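Welcome, and please have a look at the sequence and the structure below. The report that follows walks through a few of the features you can find there.

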Amino acid sequence: MDKFLKIDNIETYYGNIYALKGISLEVDYQSIVAVLGANGAGKSTLLRTISGIVAPARGQIEFLGRRINGISSHKIVKLGISQVPEGRELFPELTVRENLMMGAYIRAGASEIVKDLDVVYQYFPILGQRKHQMASTLSGGEQQMLAIGRALMSRPKLLLLDEPSLGLAPLIVEGIYRIIRRINEEGTTILLVEQNANLALSIGRYGYVLETGKVSVSGKSKDLLEDEHVKRAYLGR
Amino acid sequence: MNRDQYYAWPKIILYCLVGLMIIRVPIFFGDYFVFVFSIICVYIIVAFGMNLLAGYSGMLSLGHQAFFGIGAYAVAILSTRIPGFPFPVALLIGGFLSALIGYLLGFSALRTSGVYLAIATIAFGMIMGEIFTEWSALTGGPNGLSVVPPTIGSIQFKSSVEMFYFILIITAILFFLGMNLISSNIGRAFIALRESEISAQSYGISLVKTKTLAFAISALYVGVAGGLYAYLIKYISPIDFSLLIGIEFVVIVVVGGLGTISGSIIGAIILFALPQLFAGFTDWQEMVTGAVLLFVILFLPEGLGGSLHRAASRLWASVSKETEH
Amino acid sequence: MEFLTEIAQQIIFGAVIGCVYALVAICFVLIYKATDIINFAQGEMVVFSTFISYSLVVTYHLPYWQVFIISFTISWFMGMLIESTVFRRLIGAPHLNALMVSVAVGMIIRNATGHIWTFDDLRLPPPFSDKVFQLPLGLVVSPLFIGILSVAIAVMVVLFIFLNKTKAGLSIRATSQNVNAARLMGVPVSRVFSISWGLSAGIGSIAGILIAPLLILNVGMFIVILKALVAAVLGGFGSLPGAILGGILLGVLENLVGTYLPNWVKHILVWAILLIVIIVMPQGLLGVRKQKRV
């Protein structure tokens, strides 16, 4: 059986910077995989490479048995990979509902799309309350929820999350992570990038640690939580 | 010795040779070519002024035709109303009036930048254009004014050869003054402004002083050029100072190469040589100018002067490398 | 009482011209919102389209409703062509480059227009009858005024519906607010740019047909169109309602000033407004400087 997502030794340049220096990574069906690392380690570049915004200079990415490196970004969205980018990147002057509708851009079938709106409102009731408000008027936590909801609207098989906890209060982050777990339980595979290692490892089954463009450690989350190097560098213990 | 000194000697010799050739021009060429050379000198001064603002200080103005007009009208009005008015004074008045108004316009650069500043200068240029057209009592309205030849005391420069040397001397003076300016602290402040306003401020450069000064000096140059232009073509009217002229001024520096001296010269020559090549095709002139501008911006962003400069530097570097061993 | 009628009359006339300014201002804003470029060739593009309309009307004797459609379509493709050949290369380049490029393109189009047709003045027959008739209260209108108003308003309404109630319109608005996010959603961003330019050129062609009968049609008309840029700045660049407000306001102001004050004030007025707004209130009446992120 094909691997769900297989990343094989990719090297990516971000501008002139040699950002990814040979990364290999695997994601199993319906799992949550965490990617950790400090600022500049290459985490965002990794997600951008998977989403097709940047093409890798070398190496392969296979999604459900199909090679996706070098394919344009909107085709990758159509194949079922959706990203919640760092900093949310919402459409500030569109309403909540319009932002969500944009998430479904690549889909046809108006009635199905409208049903999915209700699914998102179920995950995030506050979005349902604010559906006609402009995105720029939402609070930080609400914006993060909207970003996630928008990504879900394309019915992705794989959801990429880039630092969902950034800039949010701990209580709100807890709530969001609970919903992320729920989304996973209902069938979506998740690749999660986080600086907050504790958080990421608490939710993921498997983890990879990136350091300056390379994978330094990987393993089952509970093993990583015990790993000395990881503990000292990322878990503050 | 450092790179600048290394290149200096050959440059000086080159300048002297070229200078000698230019002085001999009237001997080799007829009246018409003398006139052409004179106009090119005028545009070289314009290009220098535009370059100070756009090339070195990074601020684009599409309204500098107004200063061209102020200088020209000052000369026209003074020389016509007051017989025997000495030309240096007329030119200086035109120049300083331009500089003053340019200084005031420079304040607008403190509130805006980039495209918005360019639009503000367009508005300024259009307003001045209306003033030239409507203030008939002073400017002769749409019909314009004729200009008396440059006078000082009992000497009058009437022939085109005399005009040519007269303009050449002034061009040379302004040119060398300008070169000194660029290598001075003020010049460095201009360049710092272009590169990054924030860094410039952290070096203690006053944005207010520098921006207004850049506008004032560039206006001065273009104003003096306008005065010379008036003496040269002997008759001016508001059409000579329209938005299209202002665009041509920008074309000179963009095509020639922003921020390079050779660029100013090349740009001026091209802008004037082009219509000459197209004598008989003057109604295609605008299209050619537009096409050249388009081509240069898309494919040669450093302008012809810049590209030549780079090519020359590379050539020089490869030659000097060989001679080192 | 007569004085009030007089003023009302001038306001109406100013509003009619203002609606045309508003349409062209919308053209500027559409391109600016989508691509961050101020299209200084807009005026020349409108004039080119209007000359095409002139040929359709005077040489081919087509009825005006056909002229509107054909001219719109040709202009749409012209706009797309200009975008893909010239402006697509400028994405990511400094904005001043785009400014100078649009000026250059304008020069080329203006010269081409003169050569293809003529550099002389032409008169475009009005799309609606310009016979005047009296309304109660002593106001004078003509079918031309009503026609201009109706077409302009119709265009604005259709545009509003397109942008706010259709998926394509939503994707254009989204792209103008956040290009990166739009790409992530799978929006073919270059197609959005193309459509914005096409739409802008098309609307410009309609505006040209509406304004040409009120003035003389000639190659130098682009200066008049440049006033629409003032309207867009006044209303707030980046705001479509602002463009409409700015256009109508400018038209009314210009006309009132032209009627009661010496002519030279009217000529300077437009540019003085531009200068003052840019320096004192650059965001205009309704505009917000473009937000890029949330």
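Glu11(A) has Arg58(A), in β4(A), as its bridge partner. That pair belongs to strands β1 (residues 5-14) and β4 (residues 58-63) of chain A, which run antiparallel and are joined by five bridges. Strands here are DSSP runs of E of at least two residues, and helices are runs of H or I of at least four, numbered from the N terminus; two strands count as paired if DSSP finds at least two bridges between them. This is a predicted model, in which local features need pLDDT of at least 70 and side-chain atom pairs count only at pLDDT 80 or more, while totals for chains, interfaces and linings use all residues. Residues are numbered from 1 along each chain as its sequence is written, and chains are lettered from A and ligands numbered from 1 in the order in which they are written.

The open sheet has four strands in the order β2-β1-β4-β5 (chain A), with antiparallel pairing.

## A six-stranded sheet in chain A

Chain A also has an open sheet of six strands, ordered β6-β7-β8-β3-β9-β10, with mixed pairing. Because β6 (81-84) and β10 (214-220) of chain A stand at the edges with a single partner strand each, one side of each is left without a neighbour in the sheet. From one strand to the next, the twist averages 15°.

Within this sheet, β3 (residues 32-36) and β8 (residues 189-194) of chain A run parallel, joined by five bridges. Val35(A) stands opposite Val193(A) in β8(A).

## Two helices in chain B

In chain B, helices α5 (residues 87-111) and α11 (residues 207-233) pack at an angle of about 145°, their axes 6 Å apart. The residues of this contact divide into 19 nonpolar, 10 polar and one charged.

## How the chains meet

Which chains share the most contacts? Of the two pairs of chains in contact, it is chains B and C. Contact means that the C-beta atoms of two residues, placed from the backbone, lie within 7 Å. Chain C also meets chain A, with 17 residues of chain C in contact with 25 residues of chain A.

Terms used. Axes are lines fitted to C-alpha atoms, for helices over the stretch in contact, and angles run from 0 to 180 degrees between N-to-C directions. Ala, Val, Leu, Ile, Met, Phe, Trp, Tyr, Cys and Pro count as nonpolar, Asp, Glu, Lys and Arg as charged, and the others, Gly among them, as polar.
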